[in-house]
Structure formats: structure tokens, C-alpha cells
Amino acid sequence: MALPHIFEVTWPDPAKLGTDPKSAALLLNEARETFASHLGIRSDEIHFLGEPNLGFHLGISGLLFDEKKLIYSNIDRMEVFAIAENRPSKMLEVDPNGQLYFSDLSKDDVLALQLCNRETGVIQSGRPENIAGLFVDATASGTRIPLPKNWSTALWDSTSWAGPSGLGIFAVSKSANWKNPLPHLDGRINPGPTSLALIVASALAIDSWVADEKNLAAKISKINSDIRNYISTNIPDSDLAPGGANHLISASFLYVNAEQLVTKLADKGYPVDSGSACSSTNMQPSHVLAALGVLTQGNIRLTIHHATTFEEVKEFLEVLSQTISELRG
Amino acid sequence: MILDCLGKRCPLPIIELAKALSQQPIGFKLTLLSDDPASQPDLIAWARMTGNSVETGESNTFQITKLTD
């Protein structure tokens, strides 16, 4: 469905009466079913969020009542740190490979579990049980990693399956002990209204993304190892962050100003992100890299997309190597 | 030797550190002053990557020992 057509059919309010609103309501239900089937949840457990990051507060704070303690890690998102600020909480430290160990959790603990780290791709393998509640941050893992069986709340971000940004999917398990932390007068969770156009576009995106992912997993894995091998072999004084998910790589380079590197790469047609202090909005280095003991200066973050080709990667790596040499002078 | 990099932002402190050490023999010690927020994690990473030694001290000081060329 082309974008202008999506906007046309999603304009009506699905909650109202009439033919057009009814068609819009059907589209909304179809979208729910699509997400439910790909994410392994029930369609009535889904709540769409027009502010995806609101899901951290909904998912975590909603589980923290009666003096429950929040357990989180030093590579969690800043949104989780903010929630932990003013309540009983404990921050766990990852090992040099980014792994967490959950040996001491109690039945009064609520765990915020980040399935995949969006900077480095680090994947958590631990699945603690017998805790009061489990919030799953699936914003970077998307459809790649199934929900742990004892999940209470979960959050996904539409961009993780190449869907439009500005849409989150928040879920509350039917069996969860959860209370809405936002002011509310009834049982609705989504403060709303959420763009039906974004929901429909994201449902189309997740369908085609999942179909492609099966076919492209091997290619992405090969590209990932090609990049890692190239960097460690051909670019001296480089530090590769531990990874996990194949579509993400974080690499840092000594004696290189990341802002200059990112700018030059963008000028040459290769937009990349960075975790370095000089390229962040708050002038602080990536807390994830620092937690992993990885160099934070001269950092670039690469995302390997479904459409990425071996040719492009080869060219990019040559440009990267050359640009770093130029900057090191 | 004291290498004052206060007010300098990454990667300058570590670039200057590398320059200062390059002319010196193994075993050479220097004190680096840096208030850049990236310096603490990055000096530890730098030490690991280059085979040198760093100790974090009080108020933005770092004790560096050159262990390799």
C-alpha cells in the first residue's frame, strides 16, 4: 500500500460510527493481529504508543509498587536510569562481554531486561525466574528474539523492523501484576490518540521485514564478520565492542575525533552514528561503551540493513580506513 | 613530568599523551591532568590497547607509566 493511500484510508477515527470509520477500525484490528502473531503475544495485550519511550515508564513503573525493587544494568537505556533514580533499585554490572548474571534476585525484585543492546548488539542470555515482575526492553531486538516466558510487560520500537519512527508497541501480559502509573480515569492505557497511518505502515513493514529476515540472516552474519575482520586486521589501534545481534557493530578508533570522522563519512555518502562524547547531545561518552570497558573516542556505530550489499560494505571499509588515516595525520 | 590537558576535549588528551610518551624510554612516568569526561574510561582502554599502565588519581589526575614502545 503506498503511503498517500495509507493516509487516505487511516484518516477517519476508528472509534466513531460510519462506513469510513468502520473500515479504519478493520485496518486497526488487522494491524493488531499482524503484530500479535509476529511478536508472540495476544492482540488484546497490545497498546500502541505514539511516544515509544513512554513505554519504559509504563512498563517499569507499573510493576513497581509495594516497595518492590528495580533491578537493571549499566548498559540499559537512559530512560531506565531515570526511572531508577528515585526508588529502591540496584544496578548490575555487565561482564566484559556485556553479559549479566542474575544469581541474587528475589521475589520482591522487578527486573528490566534489555534483550539486545542497540549500540553494540550485545544479547542477554540470562532468563531469571521467581521474581515479582519482568519488563522486557525489546526496542532493539524487534522480532529477532522471543519474549521470555515469564514476561510481565514489554516494549518494541517500530524502527527495529524498518517501520516508521514515532510508534512503539507496548504490551501488558494478561497474567501480570501491573498498575497504570499514569493518571487515569478508566482502564485505557494508551493516553492516545495514536496515528493509525503509522500503525498500518508499521504493520506492512513488519510483515515484509520478517519474510526477508529469514532469507537474509546468513548474508547479514557474513557481512558482520567481514567488517569485524577487516577492522581488526587493517585498521590499527581499533577497539571493537563485544557484539551479539548480527546487524549491529560498534567500533572505536584511537586518536580520532568522532565528530570529524562521522562528518567526513557522511560527506562521502556513509551516514553512521557515534557513541563518542563529542558527537552526543550531552557531551558525555556512551555509558554502554564505558560499562563494557571499550574505548569511547573515535566511535562509530554501524547498522547492517536488509538491503546492504557486500559491494557497498567493501567500498565503505576502504573509505573508513582511508578517512581514519587522514584524520590521524 | 606533568602533562596539563585541562579544558581539552577528547581525543586531544590521549593524542597529546601518546606524543609525550613517544620520545621517552620504557619505564617513563608522567602525570596527566584531564577533566574531559571521556578520559577516565578511555585511558583505561588506551592502556589495555597499547600495553601501558594508567592509575586514576584524585581530581582529574592520572598516573601513566610507559611499558612498551
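**View 1. Helix α5 (residues 196-234) of chain A lies across β8, β9 and β10 of chain A.** The helix runs at about 10° to β9(A). Axes are lines fitted to C-alpha atoms, for helices over the stretch in contact, and angles run from 0 to 180 degrees between N-to-C directions; contact means heavy atoms within 4.5 Å. Helices (H or I, at least four residues) and strands (E, at least two) are DSSP runs, numbered from the N terminus. This is a predicted model, in which local features need pLDDT of at least 70 and side-chain atom pairs count only at pLDDT 80 or more, while totals for chains, interfaces and linings use all residues. Residues are numbered from 1 along each chain as its sequence is written, chains are lettered from A and ligands numbered from 1 in the order in which they are written, and side-chain values use heavy atoms, with hydrogens and water left out.

**View 2. In chain A, an open sheet of three strands has the order β8-β9-β10, with antiparallel pairing.** Its edge strands, β8 (238-240) and β10 (299-303) of chain A, each pair on one side only. Neighbouring strands of this sheet are turned by 20° against each other on average, direction ignored. Strands pair if DSSP finds at least two bridges between them. Between strand β9 (residues 248-253) of chain A and β10(A) there are five bridges; A:I249 has A:L302 as its bridge partner in β10(A).

**View 3. Strand β5 (residues 133-137) of chain A is mostly covered.** Strand β4 (residues 109-114) of chain A pairs with β5(A) in the parallel sense over five bridges, and A:Q114 stands opposite A:D137. With strand β6 (residues 153-157) of chain A, β5(A) also pairs in the parallel sense, over three bridges; here A:V136 stands opposite A:A154.

**View 4. Helix α3 (residues 54-61) of chain A is mostly covered.** Six of its eight residues are buried: A:G55, A:F56, A:L58, A:G59, A:I60 and A:S61.

**View 5. A:W11 is found in the loop between α1 (3-10) and α2 (19-39) of chain A.** A:W11 counts as exposed because its relative accessibility is 70%.

Technical notes. Buried < 20%, exposed > 50% of the residue type's maximum accessible area, 1.4 Å probe, protein only.
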